[in-house]
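Me: Hi! I'm new to this one, could you walk me through it?
Reply: Happy to, here it is.
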Amino acid sequence: MMSLAVQVSGSLIGWAAFYRLLCGLNGQRTNEWNCRLVTLFHGVLIVCITAYIGFIDGPWPFTHPGTENTPLQVVALVLSLGYFTFDMGWCVYYRTEGPLMLAHHTLSIAGILLALVQGESGVETCAVLFGTELTNPLLQARWFLRQAGRYDSPTGDAVDLLFIALFAGVRIGVGGRMLRCELASPRPSPAVKAGGVAIYGLSCVFMADISRFACRKGAGKFRRWKEQRKALEANGGSGRTD
């Protein structure tokens, strides 16, 4: 237990130091800009590690939930626990996130900590990290595009479309299958199963919000397209408005 506490503390200090380094290098940028760079780096790093765990190193999370943690799984979990602890503290201090995101961070911290303390269920916890962090780089890309004034562009539309598709397909579709395997297996503890239900339920709430956003954006684009078409027709379809 002491070794685990030291590892997690080291991870937390490492992420905080990385943030401070970025703040020093990007002094002209806001604190949120630099924090989102940390978030982006964590997302890419953890997706790569957990993809290797799930698809190459094994075991397969759909058939072996609740098995003993491997050293590589522990590394991924410790890195993420340190990051989520850092980001949770940052969000609370700067008051940048709402209840849903804070609930997501709380459940992530609790679930990772549970897998580390029990010494098992690391494989499905890493699978959940893969699914939840896979869309994270796109989420950060949307924010950076807004800051650069380039969100209302084909690039912004492509990022939104890919984000929605990945969220629905991976976090809801594949995540639902993962949850069924988790609940059907006798190996995972009841606490781990309850955590799986909670994080999937939260993903469904996020999906509802994303669906409303997609409907609003689609309706707005359709309305602007109709207005542009009317303007073209009023000008004889020449495409000129002068």
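Me: What does UniProt place at residues 28-214?
Reply: An unreviewed UniProt entry puts the feature "domain: TLC" at residues 28-214; such annotations may be inferred rather than shown by experiment, and the feature name is shortened and its positions follow the numbering used here. This is a predicted model, where local features need pLDDT of at least 70, side-chain atom pairs count only at pLDDT 80 or more, and totals for chains, interfaces and linings use all residues. Residues are numbered from 1 along each chain as its sequence is written, and side-chain values use heavy atoms, with hydrogens and water left out.
Me: How much helix and strand is there over residues 28-214?
Reply: That stretch is 81% helix and 0% strand, with its end C-alpha atoms 33 Å apart. Helices (H or I, at least four residues) and strands (E, at least two) are DSSP runs, numbered from the N terminus.
Me: New topic: how many aromatic pairs are there?
Reply: The count is 15, where rings of Phe, Tyr and Trp (its six-membered ring) pair if their centres lie within 6.5 Å; planes under 30 degrees apart are stacked, over 60 edge-to-face and the rest tilted. Trp90 and Tyr94 are tilted because their planes are at 35°, with centres 4.5 Å apart. Both lie in helix α3, 4 residues apart, about one turn of the helix.
Me: And is Trp90 buried or exposed?
Reply: Trp90 is buried, at 8% relative accessibility, while Tyr94 is partly exposed at 35%. Buried means under 20% relative accessible area, exposed over 50%, partly exposed in between (1.4 Å probe, protein chains only).
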